[in-house]
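The following exercises are to be worked with the sequence and the coordinates side by side. Each task is followed by a solution in steps.

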Amino acid sequence: TIVGYTSNMTAPDGWKFVTEEGVTTLELDVITISTVEELMAFSAAVNGGERYANKIVRLTQDLDMTGIDFVPIGNVSGYPSKSFYGVFDGQNHTIRNLTVSDTTEKFASAALFGSLCGTVQNVKLENVNITSSHYAAALVGYSSDGNTTAVIKNCHVDGGTVTSTPEEVSAGTYDNGDKVGGLAGYLAQGVALEGCTVKNLTVTAYRDVAGLVGYANTGVTVKNSSVTDTTVVSDHRYNYKNYDSDERYDANAIIGEASSSAVLTDNTFSNVNFAILENVAQIGETVFSSINAAFAAVNGQSGDNVTIKILKDVTEELTTDYFFAKNVTLATDVEGGVTLNFGFVFGRGVWALLATKGHVLNIEKDVTITNLSQLFGGYYSNDSSDVVNVGGVAKLQQLWACWDDVVNVLPTARI
């Protein structure tokens with residue numbers, strides 16, 4: 001019983017006053033979530049303006065989110081306009097197969113929590129699929145509003161992908177695609193993160209990207225956390241900041257970028273791999289980050305005279321059979337030329353690009369193709385109507401040409 005209770009008194013965080021028959025007691029203010037539907041309703045309530053301040057939300061069952069396009073709990077329109085201010089306790093339950101996508105212009109934040117100003121603890125996430133055009137993470141996209149101190153503790157991510165791709169804000173002009181981490185994207189002033197782990201994850205963004213936290217602002221504390229068996233990918237395809245070195249992208253194992261006043265203590269990582277995503281081919285105005293994607297874009301087309309411009313050296317195994325339009329040209333403007341290394345896989349090679357008789361492959365000067373198992377379509381057609389033109393100083397190395405097909409070697413070419 002609360003002695004001296006008056007109606008203007010404020011209950012402590014996580015508690016509420018309950019008055020029955022003139023007697024007022026102090027009880028825990030707890031909300032439980034045991035189904036996918038209840039989690040979705042909780043998200044809708046936060047996005048509708050319910051803060052859940054001074055309340056505890058407890059997850060009481062493991063949840064499988066397969067087939068659900070989940071709307072993040074909270075958002076950052078206005079930094080933030082809708083956020084969770086209570087305590088979310090997962091009680092070490094697991095949320096599996098979480099899929100979240102947010103491409104809201106300028107303010108996208110994709111994660112279980114799009115915006116957090118309270119506490120989230122004891123949550124496990126497995127096999128996440130997160131996509132965004134700005135903030136992104138498995139657990140928290142954006143945390144704190146400067147007036148509160150958010151807390152993230154004992155939370156774990158195992159498996160999946162987190163990806164943020166810069167948005168095109170006007171024709172040919174890009175922004176965002178940054179502040180991305182495996183567990184948390186952006187930690188604003190004073191946020192505390194402790195005892196969290198990330199493993200078996202691929203995290204991709206333009207800049208400020210890492211296995212654990214994308215960006216840690218002033219006064220943030222990150223401690224006793226780890227990243228293992230994770231790949232961090234720096235997406236260089238748009239480069240709207242015109243960075244001239246890999247280091248400037250701030251792609252790291254634990255924290256992408258941190259304020260000088262952020263406190264980072266006893267964090268570890270192991271088997272964290274780094275990769276760079278770049279455009280490697282172009283067809284007209286469309287660019288591709290893999291040769292397979294470029295080949296697939298013209299797969300089976302009936303039109304003639306398709307030019308695939310190779311933008312850099314590529315080592316990439318062909319993953320399928322391609323049946324190109326007639327008169328496909330592989331070309332490059334790169335000074336000194338380029339090399340396409342397709343990997344020596346028996347039964348798959350440029351022949352798959354020409355498997356319908358009558359097709360022509362033009363390999364222009366300064367394009368080197370190496371490590372192919374077979375050259376072109378005679379393997380299927382036993383017909384002499386497939387032609388490969390090799391021009392300039394182009395080279396074809398380690399090739400097995402099939403019977404009755406034709407290779408026209410122009411002057412100075414080497415096979």
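**Exercise 1. The helix and its buried face**

Solution. The model is predicted, so local features need pLDDT of at least 70 and side-chain atom pairs count only at pLDDT 80 or more, whereas totals for chains, interfaces and linings use all residues. Residues are numbered from 1 along each chain as its sequence is written, and side-chain values use heavy atoms, with hydrogens and water left out.

Step 1. Apply the burial criterion: buried means under 20% relative accessible area, exposed over 50%, and partly exposed in between (1.4 Å probe, protein chains only).

Step 2. Examine how they are placed around the axis. An α-helix has 3.6 residues a turn, so residues three or four places apart point the same way.

Step 3. Check the helix length. The expected span is 1.5 Å times one less than the number of residues; for the 12 residues of α1 (residues 36–47) this should be 16 Å, and the end C-alpha atoms are 17 Å apart, which agrees. After α1 comes Gly49, with a positive phi near 115°.

**Exercise 2. Aromatic pairs of Phe42**

Classify the pairs that Phe42 forms with Phe84 and with Phe88.

Solution. Step 1. State the rule: rings of Phe, Tyr and Trp (its six-membered ring) pair if their centres lie within 6.5 Å; planes under 30 degrees apart count as stacked, over 60 as edge-to-face and the rest as tilted. The count by this rule is 15 aromatic pairs.

Step 1. For Phe42 and Phe84, the centres are 5.4 Å apart and the planes stand at 85°, so the pair is edge-to-face. Phe42 belongs to helix α1 and Phe84 to the loop between β6 and β7, 42 residues apart. Phe42 and Phe84 are both buried.

Step 2. For Phe42 and Phe88, the values are 5.9 Å centre to centre and 25° between the planes, and the pair is stacked. Since Phe88 lies in strand β7 and Phe42 in helix α1, this pair ties together parts 46 residues apart in sequence.

**Exercise 3. Charges over rings**

Over which rings do Arg51 and Lys179 lie?

Solution. Step 1. The criterion requires NZ of Lys or CZ of Arg within 6 Å of the ring centre and within 35 degrees of the ring normal.

Step 1. The charged end of Arg51 sits over the ring of Tyr85, 4.2 Å from its centre. Lys179 lies over the face of Tyr215, at 5.3 Å from the ring centre.

**Exercise 4. Positive phi at asparagine**

Where do Asn122 and Asn200 lie?

Solution. Step 1. Asn122 is in strand β11 (residues 119–132), and Asn200 is in strand β21 (residues 197–205).

Step 1. Neither is a glycine, yet phi is positive: about 60° for Asn122 and about 55° for Asn200.

Step 2. Asn122 counts as buried because its relative accessibility is 16%; Asn200, at 39%, counts as partly exposed.

Technical notes
Helices (H or I, at least four residues) and strands (E, at least two) are DSSP runs, numbered from the N terminus.
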